[in-house]
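Colleague: Hello! I am new to this structure and would like to learn how to read it. Could you guide me through a few features?

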Amino acid sequence: MTLYYADHETAIGYVALAGRAVLVDDMQEILKRKRAYWDQAFPGLKNLVLIKVVPERLEVLNYKAGTQAHAETWRPP
């Protein structure tokens with residue numbers, strides 16, 4: 001799975017985290033990470049599963065700092 005973060009209004013770059021997704025249905029782990037707004041979406045926390053990302057690759061591109069993607073492959077440095 002890939003998580004991608006960018007602020008397209010400022011267009012200064014992006015961060016992408018790629019890795020393996022692991023489903024977490026252990027109630028103790030869910031309670032440890034519980035957020036108040038979950039109560040409305042998941043009454044009694046039924047049918048709630050968390051997704052843990054085990055990182056395998058991180059890409060960071062910051063145009064403001066002068067980093068650029070490779071001209072031919074578009075891969076970040």
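Colleague: Let me begin with the sheet: in which sense do strand β2 and β3 pair, and over how many bridges?

Modeller: Strands of a sheet pair through backbone hydrogen bonds, either parallel or antiparallel. Here β2, residues 13–24, and β3 are paired in the antiparallel sense, over twelve bridges. Strands are DSSP runs (E, at least two residues), numbered from the N terminus, and two strands pair if DSSP finds at least two bridges between them. A word on the source: this is a predicted model, where local features need pLDDT of at least 70 and side-chain atom pairs count only at pLDDT 80 or more, while totals for chains, interfaces and linings use all residues. Residues are numbered from 1 along each chain as its sequence is written, and side-chain values use heavy atoms, with hydrogens and water left out.

Colleague: Which residues of β3 stand opposite R20 and G19?

Modeller: R20 faces V54 in β3, and G19 has P55 opposite.

Colleague: How many bridges join β1 to β2?

Modeller: Five, and these two strands also run antiparallel. L3 has L17 of β2 as its bridge partner, and A6 has Y14. The hairpin of β1 and β2 has six residues between the strands, and A11 there takes a positive phi near 50°.

Colleague: In what order do the three strands form the sheet?

Modeller: The order is β1-β2-β3, in an open sheet with antiparallel pairing. β1 (2–6) and β3 (50–62) each have a single partner strand and stand at the edges, so one side of each has no neighbour in the sheet. From one strand to the next, the twist averages 25°; such angles run from 0 to 180 degrees between N-to-C directions, with axes as lines fitted to C-alpha atoms, for helices over the stretch in contact.

Colleague: What does E59 touch, not counting residues up to four places away in sequence?

Modeller: E59, found in strand β3, touches Y14, V15, A16 and P76 on that count. A polar contact of 2.9 Å joins the side chains of E59 and Y14. The term covers a pair of N or O atoms within 3.5 Å; within protein, one must be able to donate a hydrogen and the other to accept it, and residues adjacent in sequence count only if both atoms are side-chain atoms. At 18% relative accessibility, E59 counts as buried.

Colleague: Which residues make up the largest nonpolar core?

Modeller: A nonpolar core is a set of buried Ala, Val, Leu, Ile, Met, Phe, Trp, Tyr and Cys residues joined through side-chain atoms within 4.5 Å. The largest has six residues: V24, I30, W38, L45, L48 and L50. W38 is buried, at 10% relative accessibility.

Definitions and conventions. Helix = DSSP H or I, 4+ residues; strand = E, 2+ residues; numbered from the N terminus. Buried < 20%, exposed > 50% of the residue type's maximum accessible area, 1.4 Å probe, protein only. Contact = heavy atoms within 4.5 Å.
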